[in-house]
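Please follow the chain through its core, its strands and its loops, with the sequence and the coordinates side by side.

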Amino acid sequence: MTERAKTDELILGALDSFRIELPSWGFANTGTRFGKFLQPAAAATIDEKFSDAGEVHRLTGVCPTIALHVLWDLPEGAAGVRNIRALSEMFRVRPGSINPNVFQDQIYKHGSVGSPDAAARAAALRHLLESADLAKQLDSRDVSLWFADGSNYPGTANIRQRRKWFEESLAKLHERLAPGQRMLLEYKPFEPAFYHTDIADWGMALSLAKKTGPQAKVLVDTGHHYQGQNIEQIVAWLLADDMLGGFHFNDRRYADDDLTLGSIDPYQIFRIFHEIFYFEWETGKRADVAYMIDQSHNLKGKIEAMIQTVTTAQELYAKAAIVDHAKLAACQAKCALVDAEVCLKEAFSTDVRPAIRDWARSHGLPEDPLDAFRKSGYLERITELRSKRNAAAVSSYA
Ligand code: PSV
Ligand code: MN
């Protein structure tokens, strides 16, 4: 077998196992804290979000699930389950991770499960338990947790007490999970809290997850790190401890910018995927990791940006799959620094696009999903249907 054929085989195998989840909120109008720029084709209902996600999956073939945010997508709780099931059948995308929302209601002004207000803690716990039940009813494996809890000024919060409250609620949620289910704990250093955040980094998420129980794992959102932080090292450590549950993928330049994947630093995402492949090669264990997108596009067309992200994720995943692990390990063992680095870069600089096109063709998928989307007429159809309503929506926060 030629080198080229070997590389292609590795890429095709990797792509067959690669799936990435779409966020329902990525299809809706979102903005910055200064206002929203409304897009005529943005989705406003759960039906429209399923429809748009279905379109991305139809064209890429690798997005069979859509992450749901409970308050945004299932505001009536269990009463919405039947509709979600029907939409799932209709648009051929299954409900994916279930994201409780314990950050937008007024009661959570000073936190949710970490709030000094017992009523707020109780409301948050009720919502978390309800979310676990919804996940069961929708056959979703993961309850994906992000807490906005924190404080803005030194001295205003009892950090250790809040941590205890977190432990208590997370333990109760863990009890509520069905055997195959998982709860994923996401961390974020700041925003909306600007002094302390209760789960601010991977160490805090890991410590809480370990205390909570075997079905609790850590979720890495690539936008939730300080500048210069070595995310792939965090990934390597979590993998080694069997504590990596999943990712929220996006790119960033400054903070949690929610830019399309690889738009700023594709090498970063490649290095993350590399750690996963290297772990699997070394241990023979398959990392059980949920790949999810968490992006909101204020200015780019939402469906186009999503297709762009999926395509980029496939490319970077394929590049990481072709790293010559045996060679890399040998270089590392003898401290051949330049050779080790060249070995990694060799894979990164390989043009994997022809192999991805072959893979798409062999699965009856368009070779260029973005071009296929533009030619499909879908955008024109939804623009016609949604633009009048969207123009009447409020864009300012005043
Ligand atoms: C918070 O910044 C976050 O990353 C969480 O995952 C939320 O669920 C998501 O964004 C949407 O607001
Ligand atoms: Mn996230």
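**From a loop residue to the core and the ligand**

Asp-139 is found in the loop between helix H5 (118-137) and strand E6 (142-146), where helices (H or I, at least four residues) and strands (E, at least two) are DSSP runs, numbered from the N terminus. Although Asp-139 is not a glycine, it has a positive phi of about 55°. Asp-139 counts as exposed because 11 other C-beta atoms lie within 10 Å; a residue is buried if 20 or more other C-beta atoms lie within 10 Å of its own, exposed if 12 or fewer, and partly exposed in between, with C-beta atoms placed from the backbone.

This is a predicted model, in which local features need pLDDT of at least 70 and side-chain atom pairs count only at pLDDT 80 or more, while totals for chains, interfaces and linings use all residues. Residues are numbered from 1 along each chain as its sequence is written, and chains are lettered from A and ligands numbered from 1 in the order in which they are written.

Asp-242, also not a glycine, has a positive phi of about 55°, and its place is in the loop between H8 and E11. With 12 other C-beta atoms within 10 Å, Asp-242 is exposed. Helix H8 itself (residues 231-240) has Ile-234, Val-235 and Leu-238 as buried residues. They cover an arc of only 100° around the axis, so they lie on the same side of H8, the arc being that of the directions from the helix axis to the C-beta atoms. Gln-233 and Ala-240 are exposed on the face of H8 turned away from its buried side. The buried residues of H8 pack against helix H7 (202-212), strand E10 (216-221), strand E11 (244-249) and helix H9 (266-283).

E10 and E11 run parallel and are joined by four bridges, and two strands are said to pair if DSSP finds at least two bridges between them. Within this pairing, Val-220 stands opposite Phe-247 in E11.

Strand E1 (residues 22-23) runs parallel to E4 and is joined to it by two bridges, with Ile-66 as the bridge partner of Leu-22. E4 also pairs with E5 in the parallel sense, over four bridges, and here Thr-65 stands opposite Arg-94 in E5.

The loop between helix H4 (81-91) and strand E5 (94-99) holds Arg-92, which counts as partly exposed because it has 13 C-beta neighbours inside 10 Å. Arg-92 and Pro-64 are 28 residues apart in sequence, yet 7.3 Å apart in space, C-alpha to C-alpha. Not counting residues up to four places away in sequence, Arg-92 touches Gly-54 and His-57, contact here meaning that the C-beta atoms of two residues, placed from the backbone, lie within 7 Å. In helix H4 itself is Arg-82, which is exposed, with 10 other C-beta atoms within 10 Å.

In soluble globular proteins, nonpolar side chains tend to be buried together. The largest nonpolar core has 98 residues, of which Val-56, Leu-185, Ala-205, Val-218 and Ala-318 touch the most other members; such a core is a set of buried Ala, Val, Leu, Ile, Met, Phe, Trp, Tyr and Cys residues joined through C-beta atoms within 7 Å. Helix H10 (residues 302-321) gives the most to this core, with 11 residues. Leaving aside neighbours within four places in sequence, Leu-185 is in contact with residues including Leu-145, Ile-199, Ala-205 and Val-218.

Which residues are around ligand 1? They are Trp-25, Asn-99, Trp-146, Glu-186, Lys-188, Asp-221, His-248, Asp-256 and Asp-294, a residue being near a molecule if its C-beta atom, placed from the backbone, lies within 6 Å of it. This shell divides into two nonpolar, two polar and five charged residues, where Ala, Val, Leu, Ile, Met, Phe, Trp, Tyr, Cys and Pro count as nonpolar, Asp, Glu, Lys and Arg as charged, and the others, Gly among them, as polar.
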